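Keep the sequence and the model side by side. We will go from the whole chain to a few of its parts.

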Amino acid sequence: MKQNLGEKGFQVANYVFLTAAAFTMILPLLHLFAVSLSSPVAADSKEVFLWPVGFTLASWKHILQSSGLWQSFGVTVFITVAGTALSMLFSVLTAFPLSRREFLLRKQVMLGIVITMIFNAPMIPFFLTVRELGMMNSLWSLLIPGVIGTFNMVILRTFFMSLPKELDDTARIDGCHDFRILFQIYLPLSKPVLATVSLFYAVGYWNTFQRAVLFLRDPGLWPLQMKLRAYLTSPEELAQVNMFLGDYNFNTTTLKAATILFASVPIIMVYPYLQKYFVKGSLLGSLKE
(Lines give C-alpha, C1' and ligand atoms only; values in the text may rest on other atoms or scores of the structure.)
Protein backbone atom coordinates (compact mmCIF):
# COMPACT_ATOMS: atom_id res chain seq x y z
CA MET A 1 0.00 0.00 0.00
CA LYS A 2 1.44 3.36 -1.06
CA GLN A 3 2.10 5.79 1.78
CA ASN A 4 1.21 9.47 1.53
CA LEU A 5 3.57 12.26 2.52
CA GLY A 6 2.18 12.55 6.05
CA GLU A 7 2.61 8.84 6.76
CA LYS A 8 6.17 8.90 5.42
CA GLY A 9 6.97 11.93 7.57
CA PHE A 10 5.55 10.24 10.65
CA GLN A 11 7.55 7.08 9.95
CA VAL A 12 10.79 9.05 9.54
CA ALA A 13 10.11 11.05 12.72
CA ASN A 14 9.31 7.82 14.55
CA TYR A 15 12.58 6.21 13.49
CA VAL A 16 14.55 9.31 14.43
CA PHE A 17 12.91 9.51 17.85
CA LEU A 18 13.37 5.79 18.61
CA THR A 19 17.00 5.91 17.43
CA ALA A 20 17.68 8.89 19.68
CA ALA A 21 15.97 7.14 22.60
CA ALA A 22 18.07 4.02 21.99
CA PHE A 23 21.26 6.09 22.03
CA THR A 24 20.31 7.73 25.33
CA MET A 25 20.10 4.24 26.84
CA ILE A 26 23.22 2.81 25.19
CA LEU A 27 25.59 5.76 25.65
CA PRO A 28 25.78 5.51 29.48
CA LEU A 29 26.77 1.83 29.19
CA LEU A 30 29.39 2.64 26.55
CA HIS A 31 30.73 5.44 28.74
CA LEU A 32 30.97 3.14 31.76
CA PHE A 33 32.73 0.52 29.65
CA ALA A 34 35.26 3.09 28.43
CA VAL A 35 35.85 4.37 31.98
CA SER A 36 36.35 0.83 33.29
CA LEU A 37 39.16 0.31 30.76
CA SER A 38 40.85 3.67 31.40
CA SER A 39 43.54 4.73 33.84
CA PRO A 40 42.37 6.23 37.15
CA VAL A 41 44.06 9.54 36.26
CA ALA A 42 42.13 9.89 32.99
CA ALA A 43 38.84 8.77 34.57
CA ASP A 44 39.07 11.16 37.52
CA SER A 45 40.06 14.11 35.32
CA LYS A 46 36.94 13.52 33.13
CA GLU A 47 38.95 12.84 29.98
CA VAL A 48 37.00 9.69 29.05
CA PHE A 49 33.82 9.71 27.01
CA LEU A 50 33.27 6.71 24.69
CA TRP A 51 36.86 5.57 24.17
CA PRO A 52 39.31 4.38 26.85
CA VAL A 53 42.18 6.71 27.75
CA GLY A 54 45.28 5.07 29.17
CA PHE A 55 44.01 1.55 28.47
CA THR A 56 44.26 -0.83 31.44
CA LEU A 57 42.50 -4.00 32.61
CA ALA A 58 43.37 -3.50 36.29
CA SER A 59 39.76 -2.93 37.42
CA TRP A 60 38.46 -5.98 35.55
CA LYS A 61 41.31 -8.11 36.93
CA HIS A 62 40.30 -7.09 40.43
CA ILE A 63 36.67 -7.99 39.80
CA LEU A 64 37.49 -11.36 38.26
CA GLN A 65 39.80 -12.17 41.16
CA SER A 66 37.42 -10.97 43.88
CA SER A 67 35.91 -13.98 45.66
CA GLY A 68 33.45 -11.70 47.48
CA LEU A 69 31.98 -10.38 44.25
CA TRP A 70 31.63 -13.85 42.76
CA GLN A 71 29.97 -15.07 45.95
CA SER A 72 27.46 -12.22 45.76
CA PHE A 73 26.98 -12.98 42.07
CA GLY A 74 26.14 -16.60 42.95
CA VAL A 75 23.66 -15.46 45.61
CA THR A 76 21.98 -13.14 43.11
CA VAL A 77 21.75 -15.84 40.45
CA PHE A 78 20.24 -18.24 43.01
CA ILE A 79 17.57 -15.84 44.29
CA THR A 80 16.77 -14.78 40.72
CA VAL A 81 16.29 -18.33 39.43
CA ALA A 82 14.63 -19.74 42.56
CA GLY A 83 12.55 -16.61 43.18
CA THR A 84 11.31 -16.39 39.61
CA ALA A 85 10.35 -20.09 39.61
CA LEU A 86 8.49 -19.80 42.93
CA SER A 87 6.79 -16.55 41.95
CA MET A 88 5.62 -17.93 38.62
CA LEU A 89 4.30 -21.10 40.25
CA PHE A 90 2.28 -19.28 42.92
CA SER A 91 1.16 -16.50 40.59
CA VAL A 92 -0.18 -19.00 38.05
CA LEU A 93 -1.90 -21.01 40.78
CA THR A 94 -3.53 -17.82 42.08
CA ALA A 95 -4.44 -16.30 38.72
CA PHE A 96 -6.04 -19.44 37.27
CA PRO A 97 -8.89 -19.89 39.81
CA LEU A 98 -9.51 -16.12 39.84
CA SER A 99 -10.08 -16.29 36.07
CA ARG A 100 -12.77 -18.98 36.38
CA ARG A 101 -16.32 -17.74 36.08
CA GLU A 102 -17.57 -20.61 38.22
CA PHE A 103 -15.58 -19.27 41.18
CA LEU A 104 -18.38 -17.27 42.81
CA LEU A 105 -16.22 -15.12 45.10
CA ARG A 106 -13.62 -14.21 42.50
CA LYS A 107 -14.63 -10.53 42.32
CA GLN A 108 -14.50 -10.10 46.10
CA VAL A 109 -11.16 -11.90 46.37
CA MET A 110 -9.80 -9.91 43.44
CA LEU A 111 -10.88 -6.66 45.08
CA GLY A 112 -9.00 -7.60 48.24
CA ILE A 113 -5.90 -8.40 46.21
CA VAL A 114 -6.02 -5.20 44.14
CA ILE A 115 -6.29 -3.12 47.32
CA THR A 116 -2.78 -4.28 48.21
CA MET A 117 -1.52 -2.49 45.09
CA ILE A 118 -2.75 0.80 46.57
CA PHE A 119 -2.00 0.29 50.28
CA ASN A 120 1.36 -1.37 50.86
CA ALA A 121 2.35 -2.97 54.15
CA PRO A 122 4.04 -0.46 56.52
CA MET A 123 7.77 -0.96 56.93
CA ILE A 124 7.90 -1.71 60.67
CA PRO A 125 5.05 -4.31 60.78
CA PHE A 126 6.57 -5.92 57.69
CA PHE A 127 9.98 -6.13 59.37
CA LEU A 128 8.51 -7.51 62.60
CA THR A 129 6.49 -10.14 60.72
CA VAL A 130 9.56 -11.41 58.85
CA ARG A 131 11.53 -11.50 62.10
CA GLU A 132 8.82 -13.41 63.95
CA LEU A 133 8.72 -15.98 61.14
CA GLY A 134 12.42 -16.69 61.72
CA MET A 135 13.59 -15.52 58.30
CA MET A 136 16.07 -12.89 59.50
CA ASN A 137 19.56 -13.28 58.03
CA SER A 138 18.27 -15.90 55.61
CA LEU A 139 17.78 -15.94 51.86
CA TRP A 140 14.16 -16.94 52.50
CA SER A 141 13.57 -13.31 53.55
CA LEU A 142 14.32 -12.30 49.94
CA LEU A 143 12.09 -14.99 48.41
CA ILE A 144 8.97 -15.56 50.51
CA PRO A 145 7.65 -12.01 51.33
CA GLY A 146 7.40 -11.01 47.67
CA VAL A 147 6.61 -14.36 46.14
CA ILE A 148 3.47 -12.99 44.43
CA GLY A 149 3.47 -9.63 42.70
CA THR A 150 -0.10 -8.35 42.46
CA PHE A 151 0.43 -6.57 39.14
CA ASN A 152 2.04 -9.64 37.58
CA MET A 153 -0.71 -11.91 38.86
CA VAL A 154 -3.35 -9.58 37.35
CA ILE A 155 -1.61 -9.80 33.96
CA LEU A 156 -1.72 -13.61 34.12
CA ARG A 157 -5.36 -13.63 35.20
CA THR A 158 -6.33 -11.30 32.37
CA PHE A 159 -4.64 -13.52 29.80
CA PHE A 160 -6.31 -16.65 31.16
CA MET A 161 -9.69 -14.90 30.94
CA SER A 162 -9.04 -14.02 27.29
CA LEU A 163 -8.72 -17.69 26.27
CA PRO A 164 -11.89 -19.22 24.74
CA LYS A 165 -14.17 -20.92 27.26
CA GLU A 166 -14.78 -23.67 24.69
CA LEU A 167 -11.31 -25.00 25.55
CA ASP A 168 -12.55 -25.77 29.07
CA ASP A 169 -15.76 -27.38 27.85
CA THR A 170 -13.92 -29.61 25.38
CA ALA A 171 -11.33 -30.61 27.98
CA ARG A 172 -13.98 -31.48 30.56
CA ILE A 173 -15.81 -33.67 28.04
CA ASP A 174 -12.52 -35.55 27.66
CA GLY A 175 -12.34 -35.98 31.44
CA CYS A 176 -9.71 -33.35 32.28
CA HIS A 177 -9.60 -31.89 35.78
CA ASP A 178 -8.59 -28.30 36.59
CA PHE A 179 -4.89 -28.98 37.06
CA ARG A 180 -4.66 -30.82 33.77
CA ILE A 181 -6.52 -28.02 31.99
CA LEU A 182 -4.08 -25.51 33.48
CA PHE A 183 -0.82 -27.33 32.80
CA GLN A 184 -1.63 -29.06 29.52
CA ILE A 185 -3.91 -26.51 27.82
CA TYR A 186 -3.61 -23.04 29.32
CA LEU A 187 0.13 -22.81 29.99
CA PRO A 188 1.25 -24.01 26.52
CA LEU A 189 -0.96 -21.26 25.05
CA SER A 190 0.42 -18.64 27.45
CA LYS A 191 4.07 -18.47 26.41
CA PRO A 192 4.05 -14.70 25.64
CA VAL A 193 2.59 -13.67 28.98
CA LEU A 194 4.63 -16.25 30.91
CA ALA A 195 7.86 -14.96 29.34
CA THR A 196 6.90 -11.34 30.06
CA VAL A 197 5.93 -11.91 33.69
CA SER A 198 8.99 -14.10 34.25
CA LEU A 199 11.15 -11.24 33.03
CA PHE A 200 9.40 -8.81 35.39
CA TYR A 201 10.03 -11.13 38.32
CA ALA A 202 13.63 -11.89 37.30
CA VAL A 203 14.56 -8.21 37.04
CA GLY A 204 12.96 -7.56 40.43
CA TYR A 205 14.88 -10.36 42.13
CA TRP A 206 18.14 -9.45 40.37
CA ASN A 207 17.86 -5.87 41.68
CA THR A 208 17.00 -6.95 45.23
CA PHE A 209 18.37 -4.32 47.59
CA GLN A 210 15.89 -2.94 50.14
CA ARG A 211 14.99 -6.29 51.65
CA ALA A 212 18.63 -7.30 51.76
CA VAL A 213 19.41 -4.13 53.72
CA LEU A 214 16.56 -4.86 56.14
CA PHE A 215 17.01 -8.57 56.72
CA LEU A 216 20.59 -9.67 55.95
CA ARG A 217 23.46 -9.13 58.39
CA ASP A 218 25.90 -11.76 57.08
CA PRO A 219 28.05 -10.31 54.23
CA GLY A 220 28.30 -13.84 52.82
CA LEU A 221 24.57 -13.67 52.01
CA TRP A 222 24.66 -10.26 50.37
CA PRO A 223 23.28 -10.14 46.81
CA LEU A 224 25.19 -8.31 44.10
CA GLN A 225 23.45 -4.97 44.66
CA MET A 226 24.57 -4.91 48.30
CA LYS A 227 28.14 -5.65 47.29
CA LEU A 228 27.91 -2.93 44.64
CA ARG A 229 26.85 -0.43 47.31
CA ALA A 230 29.83 -1.48 49.43
CA TYR A 231 32.19 -0.77 46.55
CA LEU A 232 30.60 2.59 45.89
CA THR A 233 30.33 3.86 49.47
CA SER A 234 32.58 1.87 51.83
CA PRO A 235 35.97 3.45 52.63
CA GLU A 236 37.35 0.06 53.69
CA GLU A 237 36.50 -1.51 50.35
CA LEU A 238 38.01 1.41 48.47
CA ALA A 239 41.20 1.28 50.52
CA GLN A 240 41.66 -2.40 49.69
CA VAL A 241 41.08 -1.68 46.00
CA ASN A 242 43.57 1.18 46.00
CA MET A 243 46.21 -1.19 47.40
CA PHE A 244 45.37 -3.72 44.67
CA LEU A 245 45.64 -1.12 41.92
CA GLY A 246 48.82 0.34 43.40
CA ASP A 247 47.53 3.91 43.24
CA TYR A 248 46.97 5.89 46.43
CA ASN A 249 46.48 9.32 44.87
CA PHE A 250 43.16 8.77 43.10
CA ASN A 251 39.87 7.11 43.97
CA THR A 252 38.64 3.97 42.24
CA THR A 253 36.35 5.50 39.60
CA THR A 254 37.34 2.85 37.08
CA LEU A 255 36.51 0.04 39.47
CA LYS A 256 33.12 1.56 40.23
CA ALA A 257 32.32 1.64 36.51
CA ALA A 258 33.46 -1.96 36.03
CA THR A 259 31.44 -3.15 39.05
CA ILE A 260 28.27 -1.41 37.80
CA LEU A 261 28.67 -3.16 34.44
CA PHE A 262 29.36 -6.47 36.17
CA ALA A 263 26.09 -6.12 38.10
CA SER A 264 23.97 -4.85 35.18
CA VAL A 265 24.97 -6.58 31.96
CA PRO A 266 23.93 -10.19 32.85
CA ILE A 267 20.26 -9.30 33.36
CA ILE A 268 20.29 -6.98 30.34
CA MET A 269 21.43 -9.91 28.19
CA VAL A 270 18.19 -11.73 28.99
CA TYR A 271 16.03 -9.21 27.11
CA PRO A 272 16.98 -10.18 23.52
CA TYR A 273 15.94 -13.79 24.11
CA LEU A 274 12.48 -12.76 25.34
CA GLN A 275 11.93 -9.81 23.03
CA LYS A 276 9.56 -11.63 20.67
CA TYR A 277 7.21 -12.36 23.59
CA PHE A 278 7.64 -9.10 25.46
CA VAL A 279 5.52 -6.70 23.37
CA LYS A 280 2.57 -9.06 23.11
CA GLY A 281 2.69 -10.12 26.74
CA SER A 282 3.11 -6.61 28.18
CA LEU A 283 -0.14 -5.42 26.52
CA LEU A 284 -2.28 -7.79 28.58
CA GLY A 285 -2.41 -5.87 31.84
CA SER A 286 -5.85 -4.29 31.72
CA LEU A 287 -8.53 -5.55 34.09
CA LYS A 288 -11.27 -7.66 32.63
CA GLU A 289 -14.34 -8.92 34.37
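What percentage of the 289 residues of the protein chain count as buried? The answer is 38%. This is a predicted model. The protein chain has 16 helices and 0 strands. Take the contacts in the chain with a separation of 6 or more: 73% of them join residues 24 or more positions apart.

Start with helix 15, which covers residues 253–268. Its 16 residues reach 22 Å from the first C-alpha to the last. That is close to the 22 Å expected at 1.5 Å a residue. T254, L255, A257, A258 and T259 are among the buried residues of helix 15. Further along helix 15, L261, F262, A263 and I267 are buried too. An α-helix has 3.6 residues a turn, so residues three or four places apart point the same way.

Now turn to a partner of helix 15. Two packed helices are described by the angle between their axes and the distance between the axes. Helix 1 spans residues 5–36, and its axis comes within 8 Å of the axis of helix 15. The two axes cross at roughly 135°. Helix 1 and helix 15 are therefore oblique to each other. The crossing is left-handed. Helix 1 brings L29, L32, F33, V35 and S36 to the contact. Helix 15 answers with T253, T254, A257, A258, I260, L261 and I268. By class, the contact has 9 nonpolar residues, 3 polar and no charged.

A second pair is helix 4 (residues 67–98) and helix 11 (residues 191–206). They pack at an angle of about 140°, with axes 8 Å apart. That angle makes helix 4 oblique to helix 11. Here the crossing is right-handed. From helix 4 come F73, T76, V77, I79, T80, G83, T84, S87, M88, S91 and V92. From helix 11 come L194, V197, S198, Y201, A202, Y205 and W206. This contact divides into 11 nonpolar and 7 polar residues, with no charged ones.

Finish in a loop. K165 sits between helix 8 (150–162) and helix 9 (166–173). Is K165 buried or partly exposed? Its relative accessibility is 40%, so K165 counts as partly exposed. R101 is 64 residues away from K165 along the chain, yet their C-alpha atoms are separated by 9.6 Å.

Definitions and conventions: Residues numbered from 1 in each chain as written. Predicted model: local features only at pLDDT ≥ 70, side-chain atom pairs only at ≥ 80, totals over all residues. Heavy atoms only, no water. Helix = DSSP H or I, 4+ residues; strand = E, 2+ residues; numbered from the N terminus. Expected span 1.5 Å × (residues − 1). Buried < 20%, exposed > 50% of the residue type's maximum accessible area, 1.4 Å probe, protein only. Axes fitted to C-alpha atoms, helices over the stretch in contact; angles between N-to-C directions. Parallel < 35°, antiparallel > 145°, perpendicular 65-115°, else oblique. Left-handed = near helix turned anticlockwise from the far one by under 90°. Contact = heavy atoms within 4.5 Å. Nonpolar A, V, L, I, M, F, W, Y, C, P; charged D, E, K, R; others polar.
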